[in-house]
Amino acid sequence: MAAARRKKESPDVPLAPLPVSKPRKRFYMQKMPDGVGERAVRTGNFRSGARAQAMADFYGSGTLLPTASNQCSMEVLLGELLSELDLQEEALAPELLSDAWRKAVGPALADVSTLAGVARGRARILVKHPTVRYEITRLKPQIIRALNQILGAGTVRSLVLASL
C-alpha cells in the first residue's frame, strides 16, 4: 500500500536539471604601473578587504596601500639592477695580453698556455696540459707580480686556470 501511495504522489513530469552557475573567477590580469606587461592578481572578496581596512584603522596605520604601489615589471627591475653594476670595464687588447704573458712567464710556458683576458682583477689563463697548470699554480705570486708590473699596478689580483 505504501508503494502504491508513493507511486501516486510522484509526478510523471521529468525533473529539470539544476542550473549550473559559472565558476567564480579567482584571478584577473592587471596592467603593471609602468605600462609594460601584466600580472595575475587574486580576486578578493568584500569581507576580507573590510577586515584588513578595519585592522589598519584600529592600529592607526591609515589607509591600506594599493597592491600595485610597490610593484614593477621584471624588465624595469633588471634594468635598474644592471645600471647599478659597474659592468663597463676597459678591455685590454689581445696583442697586449699575449706580449705581457710572454714577458711574465717566459717563452717555455707561453708556448703551452695563453692569457685569454683580464676582467675584474682576474686573469683567465688557458693551459694545454695538467703539468703546465701545476707549474703556473706553483708560480702564481711571481706571475701576478710580473703581470702587474707590465700591465699596471692592481690590474691582476688572481689567476683563473682553464683547460684549452
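The largest nonpolar core here has 22 residues, and the ones with the most contacts inside it are Trp 101, Leu 115, Ile 125, Ile 136, Leu 147, Val 156 and Leu 159. Two or more residues each come from helix 4 (94–105), helix 5 (107–111), strand 3, strand 4, helix 6 (130–138), helix 7 (140–151) and strand 5 (158–163). Keep in mind that this is a predicted model.

**Overall layout**
- The protein chain has seven helices and five strands, and starting at the N terminus they go α-β-β-α-α-α-α-β-β-α-α-β.
- Out of 164 residues in the protein chain, 21% count as buried.
- If you take contacts between residues at least 6 apart in sequence, 47% of them join residues at least 24 apart.

**The strand 3 and strand 4 hairpin**
- Strand 3 (residues 113–119) and strand 4 (residues 122–127) run antiparallel, joined by six bridges.
- Two residues sit between the strands of this hairpin, and Arg 120 takes a positive phi near 55 degrees.
- Leu 115 stands opposite Ile 125 of strand 4.

- Met 74, Leu 77, Leu 78, Leu 81, Leu 82 and Leu 85 make a nonpolar surface patch of about 580 Å².
- One of these, Leu 78, is found in helix 3 (residues 74–84).
- Leu 78 counts as partly exposed because its relative accessibility is 46%, and that class lies between the cut-offs of 20% and 50%.

Key. Residues are numbered from 1 along each chain as its sequence is written. This is a predicted model: local features need pLDDT of at least 70, side-chain atom pairs count only at pLDDT 80 or more; totals for chains, interfaces and linings use all residues. Side-chain values use heavy atoms; hydrogens and water are left out. Two strands pair if DSSP finds at least two bridges between them. Helices (H or I, at least four residues) and strands (E, at least two) are DSSP runs, numbered from the N terminus. Patches are made of residues with over 30% relative accessible area and no salt bridge: like charges are joined within 9 Å, nonpolar side chains (Val, Leu, Ile, Met, Phe, Trp, Tyr) within 5 Å. Accessible areas come from the Shrake-Rupley method with a 1.4 Å probe; for residues, only the protein chains shown count as cover. A salt bridge is a side-chain nitrogen of Lys or Arg within 4 Å of a carboxyl oxygen of Asp or Glu. Buried means under 20% relative accessible area, exposed over 50%, partly exposed in between (1.4 Å probe, protein chains only). A nonpolar core is a set of buried Ala, Val, Leu, Ile, Met, Phe, Trp, Tyr and Cys residues joined through side-chain atoms within 4.5 Å. Contact means heavy atoms within 4.5 Å.
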